[in-house]
Every structure is written in C-alpha cells, then in structure tokens.
Amino acid sequence: MANVTIPIGPQHPALKEPERFDLTIAGERIVRLNSKLGYNHRGIEKACEQRTYINCLYLIERICGICSHSHATAFVQCVEEVAGLQVPKRALYIRTLIGELERMHSHLLWLGIAGHEIGFDTLLMYAWRDREVVLDLLAALTGNRVNYGINTIGGIRRDVSPEEVVEILKGVDILEERTKYYIQLASEDMTLAERLVSVGSLSTADAARLGAVGPVARASNVDQDVRRDDPYAAYNELDFKVITDTHCDVYGRVLVRVGELMESCKIIRQLLKNLPEGPIAVKAPRKIPVGEAVTRYEAPRGEDLHYVRGNGTEMPERVKVRAPTLANVQAVAKMLENNYLADFPIVLAATDPCFSCTDRVIVTRESDSGNAGVMDWKALRAYGIEWYKKNRGLDCSRIKLRSR
Amino acid sequence: MGYALSSILIFPGLLFLCFFGMVAEFVDRKLYARLQNRVGPPWFQPEADFIKLLAKEDIIPAEADHPMFKVLPVVALTAVVTSFVYIPLWSTRALFSFDGDVIVVIYLLTVPTLTFFLAGWYSTSLFAALGAVRTLTQLFAYEVPLFMGILSPAIVAGTWSLSGIAQFYGMHPLYWIANLLGFAVCLVALQGKLERIPFDIPDAETEIVGGTFTEYSGRLLALFRMTIDVELVVGAALLSAVFLPFGLGLPAAAGFVLFLFKVLFIVVLLAVFRTVVARFRIDQMVEFCWKYLAPAALVQLVISLAIKGVMLP
C-alpha cells in the first residue's frame with residue numbers, strides 16, 4: 001500500500017478527548033505526524049477576566065477533571081502572592097495532602113488507560129478498582145470524587161479530622177500493597193514488556209530540547225521536579241525522592257509513574273504525622289492589589305504554570321495557564337519516529353495527555369504571509385464569522401454577545 | 001432425507017450451533033469479567049445482543065460494494081456451520097465423513113477469515129482496509145502451526161478422516177497423551193484464528209476503530225458476530241475431537257454431556273489466555289508464530305512420526 005494518511009481524531013477510541021492527529025503511514029510504519037490541537041478550547045482565560053477571583057477559582061478548577069486541584073492550587077498561590085497573604089501552615093499541609101492524593105488518583109487512572117491502549121483490559125480493571133480506594137478517600141475528605149473545591153484564596157475550606165486521618169492511613173496502606181504488585185507486574189510480564197520497551201523513544205537531549213516536563217522528561221533521565229527545584233506548599237519540609245529512569249521509552253514512563261505512586265504514599269504518611277495545628281485560612285481581600293505573579297506546580301502530568309495579573313479591582317486583568325501537556329505534545333512527533341501504527345495509542349497515552357488542560361489560544365500565524373501576531377477579541381470574532389460565512393455558508397454576525 | 005435436513009439445520013446443525021455458540025460466548029465473557037474482579041454479563045446477554053442487532057438498521061457506506069457487503073456474512077456463517085458436520089461429537093462417527101475430511105474442515109474454517117478480509121476491503125473505509133490487511137497477515141502466521149498441529153494426531157492414527165481418527169483413538173486410548181504439545185500449539189493458534197487477545201490485532205479498537213467490521217451494523221453485523229461465536233464452538237469441537245478423543249463410546253446422553261464439557265473446557269482455557277496477556281503488535285505476532293509456534297508444531301510432528309514408526313508399524 002502506498003502512503004496513507006489516517007485521521008486519528010477528533011473522535012477515535014484511542015483518544016479520551018478530541019484532538020486531531022493526521023498520521024501518514026507506509027504499510028504499518030509511521031512516516032509523519034501532523035497534529036492539530038484546539039478542539040477543546042473553551043475560552044477559559046477570557047472568561048476569567050470577567051469574573052471575580054473566587055468565581056475564577058471555580059472556573060480554573062474545572063479546566064480538567066484529574067488535574068483540577070493542581071490548577072486550583074497554582075491559581076490560588078498566584079493570587080496569594082500578588083495580594084501578599086501568609087497562608088497558615090495547616091492549610092499548606094492539607095493542600096499538599098490533597099495534591100498527593102490527586103497524584104495517586106491520576107497515576108492509577110493512567111495505568112489503566114495505558115493497559116487499555118495496548119489491549120490489556122485486565123490491567124485497566126485492576127488499576128481502576130484500586131483507584132476507587134483513592135476516590136473514596138477524596139470523597140470523604142472533600143465531598144467530591146473529582147473537582148475537590150478545597151482551596152480558597154488565603155487557605156482551604158475544609159479541615160481534616162483525626163478520624164479521617166486514620167482512614168487515609170489505612171487507605172494508603174492498601175494502595176502501597178497494590179502498587180508493589182504493579183511494580184512486579186511491570187518488571188515480569190512478557191507481553192507488557194513486548195509492547196512497551198523500545199517504543200516511543202525520546203533521548204535525554206531531545207527531551208530537554210523539546211521542553212518535555214513531568215514523568216515524560218524524568219523517564220528520559222532529565223532530573224527536574226518542581227516540588228524539589230522550586231518548592232511550594234509544604235514540600236520544603238518533606239523528604240521524598242525524585243524518580244528518574246534511564247529507559248527513555250514508554251516502559252520508563254510506566255516505571256516513573258509507578259515509582260511516584262510509592263513516593264506519594266511516603267509523602268502522605270509524613271504529612272499526616274507532622275500535621276500542624278492552627279487555622280485553615282486567612283481572610284483575603286475582595287480587591288486584589290496591582291501586581292503580577294507566576295507560579296509553577298508539579299501536576300501529575302508535569303510542570304503547570306499559572307500567571308495572574310491583578311489591577312486593584314475584584315476581577316483579574318489577565319490569567320494565563322500553561323498546562324504540562326502542551327509542553328509534552330510537541331515531543332510526540334519525535335517519539336513516533338520509526339514506530340508502528342499500533343504504537344501510536346500507547347505512545348500518546350504515555351505522555352498522559354490532558355487536552356482539556358492544553359487548549360489555550362496563544363499566537364496565530366497567517367499561513368501564507370507568515371506574519372505572527374496576537375488577535376484581540378474583536379478581531380478573532382470577526383475572523384470566525386467570516387470563516388463560517390465563506391466555508392460553511394452560515395451567518396453568525398447577528399448573534400449578540402452577553403456583555404458585563 | 002428428512003433426517004439429513006434436520007441434522008444440518010436443527011441438531012446438531014445450525015440452530016444448535018447458534019445457541020451453543022451463544023452459551024460459549026457467555027461462559028467466555030463471564031469468566032473474563034470475574035477474573036477481572038467485575039460482575040460480568042447475565043446468561044442471556046449474547047442472545048440479547050443478537051436480537052438487538054437484528055432490530056437495528058443496516059447502514060452501508062455509499063462507496064462500498066453493496067452485493068458483496070450483504071453476501072459476505074452469510075457466506076461466513078455457512079462455511080463455519082458446514083464444517084461442523086464433519087466433526088465427530090459424541091460418537092466415533094460424524095454426521096458425514098470421508099477420507100480427507102480433516103483438510104476440508106480446516107479449509108472451511110479458513111473461509112470466514114477470507115470473508116473478514118473481503119468485508120474490510122469492500123467497505124472502502126480506511127480503518128476497515130487496514131483491519132482487512134491485518135487479518136490476512138495474521139492468517140499467514142497462525143495457519144501453518146494450526147495445520148501441522150492438527151495433522152500430527154492424524155499421522156499417528158494413519159488416516160485423514162476425522163471419524164477415522166476418533167475410531168483409532170477409541171481403540172488405542174492412551175496415545176492421545178503424546179499429542180499434548182500439539183494441543184498447546186493448536187490452542188495458541190486457535191486464539192489467533194478466532195482473533196482474540198493477544199491476537200485481536202485486526203480488531204484493535206484503540207488503533208483502527210472497528211477494524212474489518214467498522215462499517216458493519218444491524219443484521220449483517222449480527223450475522224458476523226454469530227459467525228465468530230460459532231467459530232469458537234467449532235474450533236473448540238475440532239480440537240476436542242482431535243486432541244481429547246476419549247469417552248467416545250459412551251451412550252448418547254452421557255456422551256453429549258461429555259462433549260459439552262470438553263468444548264467448554266477448551267473455551268475456559270481460551271478465556272483465561274485472553275485475560276492474562278496484552279495485545280501483540282502484528283510484526284511481533286508474525287515473529288512469535290514463526291519463531292516459536294511453528295517449530296513447536298514441527299517437534300510435535302516429529303514425535304508423531306516417531307510413534308507411528310516405532311510403536312505402530
């Protein structure tokens with residue numbers, strides 16, 4: 001067969017969220033990857049500019065389901081820095097606790113998805129059964145299985161009682177047992193090794209050059225972890241290892257994530273042992289002063305960057321979110337070189353993509369003239385109306401926008 | 001004439017096969033689920049799926065070849081049901097037999113695989129075409145070990161007729177133990193023929209959507225799924241006739257129960273196999289079959305020849 005271009009997406013069983021990947025294959029070998037992102041863009045950054053900081057927090061938390069606490073905490077840290085608030089120690093510890101529980105949730109979910117992508121549904125069912133332990137803990141602590149709503153500007157909203165501490169420790173014991181089983185599985189199972197080793201290779205130099213973050217970078221032996229390099233919340237008082245691996249392929253990424261599961265168990269135990277007493281929040285002003293701040297947060301997928309600029313009113317002037325998947329998806333084309341079509345789902349899944357986090361509009365470039373520029377709101381709307389008139393025959397120009 | 005017609009259409013022909021196929025599918029799915037710590041479907045799930053599919057609309061893509069599209073599921077089901085009449089079930093005589101029918105049965109079981117290829121090819125959909133090509137590639141990998149494995153007991157029995165094989169092992173009961181390596185080889189090759197994990201590459205949902213059956217829906221898909229169910233039972237019956245040929249002299253009712261038991265035992269083995277491994281890539285599958293499975297089948301062939309030469313001159 002000659003070179004064929006397959007559209008993977010926007011709807012495809014391999015993808016949990018819509019994006020478009022045009023794969024050109026010769027037989028079963030991948031020749032080229034052309035990715036088109038943006039199917040999940042919801043205008044969150046623009047929406048944040050028209051809401052108060054607390055309303056923004058609810059919106060930012062819902063950028064993604066499994067990294068919701070990461071985004072919420074990063075945003076809240078930015079705002080607290082601009083406002084110059086001193087968050088109490090207990091609040092920082094509990095934020096870290098929920099963050100680590102979220103990391104365990106995310107990695108177990110990912111393990112299941114990875115199993116599903118290579119046709120190993122048994123691994124999917126086992127990993128997701130163990131994930132229920134974490135979800136039950138989070139539901140008991142925060143009231144929700146995802147989108148925890150535990151953060152507020154200046155601290156947290158719910159406290160952790162001693163009974164809940166006992167429950168968490170029991171749950172962590174169970175999860176540690178199960179994680180040891182997954183480590184053993186990863187090292188011993190033959191078919192797993194066949195599908196994962198030497199697949200999706202990304203050398204250390206390429207990982208650093210393409211800006212990979214999180215477990216993808218650490219599996220290529222790039223030693224970076226925001227929790228250690230730029231500590232936030234309670235991480236500067238905790239003792240934990242940063243897991244790196246030298247395999248530089250999908251197998252390495254599995255090992256890194258499973259290793260991080262074990263480390264999270266350790267971290268949670270330390271947090272609960274040293275949980276300080278005290279208030280859980282300070283009062284935050286409604287109007288955040290003029291200023292800007294950038295925070296980095298180690299989400300389960302990698303480094304999550306938030307930027308907030310306040311202008312003295314109760315609504316932010318600009319909010320910017322750079323999710324880890326945006327950094328990692330650039331490396332996917334490099335990983336897929338010399339691989340087979342059957343490897344595409346697992347290679348993409350091994351970067352742990354979360355396209356809901358990723359899709360923000362950055363820069364537009366006119367494809368013929370090469371001019372780069374940023375479109376403002378009015379120009380973008382006019383461009384959209386004209387495109388639909390020309391290409392789809394629809395006239396949307398008379399729809400009125402709701403203005404505040 | 002009436003006896004022949006009712007044998008072919010009702011028992012142990014088409015209707016019996018369809019129902020037994022659905023029972024086997026239930027056993028497979030329930031075991032798969034319980035091994036994964038899930039509850040699994042109720043006993044009537046395969047019947048419910050079949051009836052539901054029959055009630056749905058057949059959507060045929062505009063560019064696909066309509067006559068071929070509609071005929072292929074029927075051809076597949078027919079071939080699989082036809083191959084069943086030559087397999088001895090609970091006595092040493094099948095419904096019909098002649099010398100050389102073991103080859104005919106194996107070839108009749110290859111026809112569904114060819115129809116899967118044609119179905120994918122004539123769908124003119126990209127994913128279906130990829131699935132079709134993978135089906136054929138996979139055929140070249142498992143077919144040779146399957147053939148060699150099934151022919152080894154035939155060599156010991158000295159006949160190319162399935163009923164002849166059953167009669168031989170009826171008279172010399174313990175010789176089937178020498179075929180156990182061939183049994184293992186044929187179990188793995190049968191998993192490939194039935195396109196189940198680890199060899200469900202033509203139907204790899206996360207890579208090529210539905211594979212060969214991407215564009216099939218409604219009654220045509222119901223017939224294809226029925227073909228796959230019946231193929232499971234026929235393949236298991238073939239293996240049990242060739243490799244587990246004991247107890248064939250029992251009276252009718254006990255023999256029937258033993259037959260059900262043997263076939264479901266093979267289905268259970270295949271279900272456990274499906275649970276514990278991940279899916280292979282097509283190149284890994286071809287390499288595995290030619291590097292390990294075919295040599296193992298050759299070893300079994302050599303063993304069978306040695307037994308034939310030494311013990312049964």
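A quick word on handedness before we start: a helix crossing is called left-handed if the near helix is turned anticlockwise from the far one by less than a right angle, and right-handed if it is turned clockwise. By that rule, α4(A) passes α5(A) in a left-handed crossing. Bear in mind throughout that you're looking at a predicted model.

Let's stay with that pair for a moment. Helix α4 of chain A covers residues 89–117, and its axis comes within 8 Å of that of α5(A), crossing at roughly 160°. Angles over 145 degrees count as roughly antiparallel, and the two helices are therefore roughly antiparallel to each other. On the α4(A) side, the residues that make the contact include A:Ile98, A:Leu101, A:Met104, A:Leu108 and A:Gly112. They face a set in α5(A) that includes A:Leu124, A:Ala127, A:Trp128, A:Val134 and A:Leu138. Sorted by class, this contact has 14 nonpolar, 5 polar and 3 charged residues. Among its members are A:His105 and A:His116 from α4(A), along with A:Asp121, A:Asp130 and A:Arg131 from α5(A).

Now zoom out to chain A as a whole. Its secondary structure comes to 16 helices and 10 strands. The C-alpha trace spans about 65 × 60 × 35 Å along its principal axes. How does the radius of gyration of chain A sit with that of a compact globule of 404 residues? The globule would be near 22 Å and chain A has 22 Å, so the two agree. Of the 404 residues, 46% count as buried. Among contacts with a separation of 6 or more in chain A, 69% are between residues 24 or more positions apart.

Go to the loop between α5 (121–142) and β4 (151–152), where A:Asn147 lies. This residue has a positive phi of about 55° although it is not a glycine. As a reminder of what to expect, most residues other than glycine have a negative phi, and most peptide bonds are trans. Is A:Asn147 buried, exposed or partly exposed? It counts as partly exposed, because it has 17 C-beta neighbours inside 10 Å.

Over in chain B there's another asparagine to look at: B:Asn37, with a positive phi of about 70°. You'll find B:Asn37 in the loop between α2 (14–35) and α3 (45–55). With 12 C-beta neighbours inside 10 Å, B:Asn37 counts as exposed. While you're in chain B, check the peptide bond joining B:Ile197 and B:Pro198, which is cis, with omega about 5°. B:Pro198 lies in the loop between α8 (180–193) and α9.

Next, the helix packing in chain B. α2(B) and α11(B) pack at an angle of about 40°, with their axes 9 Å apart. That makes α2(B) oblique to α11(B). The crossing here is right-handed. From α2(B), B:Ala24, B:Val27, B:Leu31 and B:Leu35 are among the residues that meet α11(B), whose contributors include B:Leu264, B:Val268 and B:Ala271. The residues of this contact divide into 10 nonpolar, 1 polar and 2 charged.

Compare that with α5(B) (residues 101–122) and α10(B), whose axes come within 11 Å and cross at roughly 160°. That makes α5(B) roughly antiparallel to α10(B), and their crossing is left-handed. Here B:Val105, B:Leu109 and B:Pro112 meet B:Thr227, B:Glu231, B:Val234, B:Gly235 and B:Leu238.

Follow α10 (residues 218–243) of chain B and you reach B:Phe243. B:Phe243 is buried, with 23 other C-beta atoms within 10 Å. Leaving aside residues up to four places away in sequence, it touches B:Pro153, B:Trp176, B:Asn179, B:Gly182, B:Phe183 and B:Cys186. B:Ser152 is 91 residues from B:Phe243 in sequence, and their C-alpha atoms are 9.8 Å apart.

Finally, bring both chains into view. Across the interface, 23 residues of chain B are in contact with 25 residues of chain A. On the chain B side, α9 (205–208), α11 (252–276) and α12 (282–311) each supply at least two residues. The residues on that side divide into 11 nonpolar, 5 polar and 7 charged.

Notes
Residues are numbered from 1 along each chain as its sequence is written. Chains are lettered from A and ligands numbered from 1 in the order in which they are written. This is a predicted model: local features need pLDDT of at least 70, side-chain atom pairs count only at pLDDT 80 or more; totals for chains, interfaces and linings use all residues. Two residues are in contact if their C-beta atoms, placed from the backbone, lie within 7 Å. Helices (H or I, at least four residues) and strands (E, at least two) are DSSP runs, numbered from the N terminus. Ala, Val, Leu, Ile, Met, Phe, Trp, Tyr, Cys and Pro count as nonpolar, Asp, Glu, Lys and Arg as charged, and the others, Gly among them, as polar. The radius of gyration is taken over C-alpha atoms; the globule rule is 2.2 Å times the number of residues to the power 0.38. A residue is buried if 20 or more other C-beta atoms lie within 10 Å of its own, exposed if 12 or fewer, and partly exposed in between; C-beta atoms are placed from the backbone. Axes are lines fitted to C-alpha atoms, for helices over the stretch in contact, and angles run from 0 to 180 degrees between N-to-C directions. Angles under 35 degrees count as roughly parallel, over 145 as roughly antiparallel, 65 to 115 as roughly perpendicular and the rest as oblique.
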